[in-house]
Amino acid sequence: MDHPPLSTISPHAEHRDWLLCHHCGELQKVVSFSSENEMVCFNCEAILHTGGARRLEFASALALTALVLFILSNALPFITLEIGSQSQTATILDGFWALLERKQWILGGMVITTIFIFPLVEIFAFLYLLVSYSYNRHLPGQVSVLRWLVLAQNWSMLEIFMLSAVVASVKLADMAVIHLETGAYAFFLLVGVLILAYIKLNRRQLWSWLNTNNYFTAYDNEFVYDCRVCKAMVGESIIENKHECPRCQSEIHKRIPYSLQKTTALVLAAIILYIPANVLPIMTYSTLGEVYTDTIFSGVVELLMEGLWGIALVVFVASILVPITKLVILTYLLWSVKIKMRRGAKHRAVLFRLTEAIGRWSMVDVFVVTLLVSLVQFGFIYTVEPEGAIIAFGAVVLLTMVAAETFDPRLIWDALEEDAQSKGDSLD
Ligand SMILES: [Zn+2]
Ligand SMILES: [Zn+2]
């Protein structure tokens with residue numbers, strides 16, 4: 001929804017007390033800045049901001065801890081596998097090296113980006129912002145660093161890798177003895193610490209520390225729109241001239257340009273790749289001269305036959321249910337916007353937030369294959385090799401994640417807005 005300037009709503013309100021919901025565009029007053037609670041949009045119930053004032057100091061201690069744990073978990077051995085008298089120990093990055101040896105560049109690139117590069121840069125970004133915040137010293141480039149942190153959050157996948165390590169261990173449990181090594185414990189702690197750091201990171205407070213102004217207009221009485229990164233309110237004329245948020249320099253539009261076209265193209269590409277991802281084998285394992293192949297589906301069936309219900313459920317949800325649900329929801333949302341559906345906007349907004357939240361968890365299978373390839377190399381006795389479907393499947397996950405980012409959820413509310421306007425016109 002588009003909004004008249006604040007001056008017509010509440011002449012005495014301070015601008016920093018107001019916030020535009022990114023999901024539906026409704027304007028609302030920030031209830032309490034130092035509240036420990038979440039603030040939720042009154043219209044669509046999206047979470048607008050969380051966090052209290054003293055959380056940032058705690059977050060900087062967490063970031064330091066995370067750095068130490070990150071170094072430990074990558075330097076120390078992660079897991080050991082024993083078959084008979086042979087044993088194989090792997091670090092987290094061994095999966096990446098094993099993929100490079102097999103010339104699996106795309107898969108290797110996906111793995112190293114999501115479990116090493118992004119998390120490491122993320123930890124340094126936390127430190128750069130939070131330590132200087134504790135001393136109230138501004139450093140160059142902090143606006144870009146915080147912008148990157150907000151945009152890259154979904155692409156750092158340590159907690160998903162952790163789930164994959166559990167799945168891989170259970171899969172291997174009947175053929176080998178598994179020992180978790182020190183690196184694995186450091187890694188599990190790291191995941192916990194990073195999750196806590198994000199909970200404690202009060203972005204609103206950091207943005208207003210970097211630049212207190214969050215309301216930019218060129219003229220009186222112009223419509224304002226929110227910046228999806230820093231939540232500043234930016235006037236229509238500024239957006240039309242520069243397409244850049246004056247506070248965080250990220251791209252800003254009244255609606256994401258060509259949102260429907262881009263999302264449709266990405267969803268179509270994902271649907272097409274979903275076919276080879278399920279038809280082709282995901283990995284091959286050979287033991288004592290015999291070769292077996294697994295598809296995504298047969299992998300789940302095997303786990304069920306072995307009576308591993310819990311893990312079968314995890315793999316089924318992550319690799320089959322989540323991608324299908326995401327594709328169905330995105331297709332439905334695109335169609336509903338196209339036909340200007342008015343019913344159930346709130347439900348559709350919830351569906352969209354669901355696809356945003358669940359999408360990355362499908363990476364579980366990609367990491368499981370990576371882990372198995374690096375761990376299970378016992379020559380003639382037992383080896384595992386990645387196959388074509390895993391690349392297709394990884395691409396499906398990435399494409400649907402990008403599709404959720406190119407879809408502009410404000411489009412869901414536009415049909416209602418048109419109705420309200422035409423009603424207003426007929427009253428005049
Ligand atoms: Zn809202
Ligand atoms: Zn901004």
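This is a tutorial dialogue on reading the features of one predicted protein model.

Biologist: Before we look at any one feature, how confident is the predictor on average, and which elements score lowest and highest?

Modeller: The structure is a predicted model, and its average pLDDT is 87, with 92% of the residues scoring at least 70. Among the elements of the protein, strand E4 (residues 47–49) has the lowest mean pLDDT, 75, while helix H9 (residues 259–279) has the highest, 96. Over residues 5–14 the pLDDT stays under 50, and for that stretch the model has eleven contacts beyond four places in sequence.

Biologist: Let us turn to strands; in what order do E5, E6 and E7 lie in their sheet, and is the pairing parallel or antiparallel?

Modeller: The general idea is that strands of a sheet pair through backbone hydrogen bonds, either parallel or antiparallel. Here three strands form an open sheet in the order E6-E5-E7, and the pairing is antiparallel. The edge strands are E6 (86–90) and E7 (177–180), each of which pairs on one side only, and from one strand to the next the twist averages 15°. Strand E5 (residues 79–83) is joined to E6 by five bridges, and if you look for Thr 80, you will find that its bridge partner in E6 is Thr 89.

Biologist: Since H13 has come up, what span should its twelve residues have, and is the helix enclosed or open to the outside?

Modeller: At 1.5 Å a residue, the twelve residues of H13 (residues 364–375) should span 16 Å, and the C-alpha atoms at its ends are 16 Å apart, which agrees. Twelve of the twelve residues of H13 are buried, so the helix is largely enclosed by the rest of the structure. The buried residues include Val 364, Asp 365, Phe 367 and Leu 375.

Biologist: How does one describe two helices that pack together, and at what angle do H13 and H14 cross?

Modeller: Two packed helices are described by the angle between their axes and the distance between the axes. The axes of H13 and helix H14 (residues 388–406) cross at roughly 145° and come within 9 Å, and the crossing is left-handed. At this contact Asp 365, Val 366 and Val 369 in H13 meet Ile 390, Phe 393 and Gly 394 in H14.

Biologist: Is Val 337 buried or exposed, and which residues does it contact?

Modeller: Val 337, which is found in helix H11, counts as buried because 21 C-beta neighbours lie inside 10 Å. Leaving aside its neighbours within four places in sequence, Val 337 is in contact with Leu 260, Leu 411 and Ile 412. Val 337 and Thr 293, by contrast, are 44 residues apart in sequence and 42 Å apart in space, C-alpha to C-alpha.

Biologist: Finally, which phi values do Glu 45 and Lys 340 have, and where do these residues lie?

Modeller: Most residues other than glycine have a negative phi. Glu 45, although not a glycine, has a positive phi of about 65°, and it is found in the loop between strand E3 (39–40) and E4. Lys 340, also not a glycine, has a positive phi of about 55° and lies in the loop between H11 and helix H12 (345–358). With 15 C-beta neighbours inside 10 Å, Glu 45 counts as partly exposed, whereas Lys 340 is exposed, with 12 other C-beta atoms within 10 Å.

Key
Residues are numbered from 1 along each chain as its sequence is written. Chains are lettered from A and ligands numbered from 1 in the order in which they are written. This is a predicted model: local features need pLDDT of at least 70, side-chain atom pairs count only at pLDDT 80 or more; totals for chains, interfaces and linings use all residues. Two strands pair if DSSP finds at least two bridges between them. Helices (H or I, at least four residues) and strands (E, at least two) are DSSP runs, numbered from the N terminus. Axes are lines fitted to C-alpha atoms, for helices over the stretch in contact, and angles run from 0 to 180 degrees between N-to-C directions. The expected span of a helix is 1.5 Å times one less than its number of residues. A residue is buried if 20 or more other C-beta atoms lie within 10 Å of its own, exposed if 12 or fewer, and partly exposed in between; C-beta atoms are placed from the backbone. pLDDT is the predictor's confidence in each residue, from 0 to 100. Two residues are in contact if their C-beta atoms, placed from the backbone, lie within 7 Å. A crossing is left-handed if the near helix is turned anticlockwise from the far one by less than a right angle, and right-handed if clockwise.
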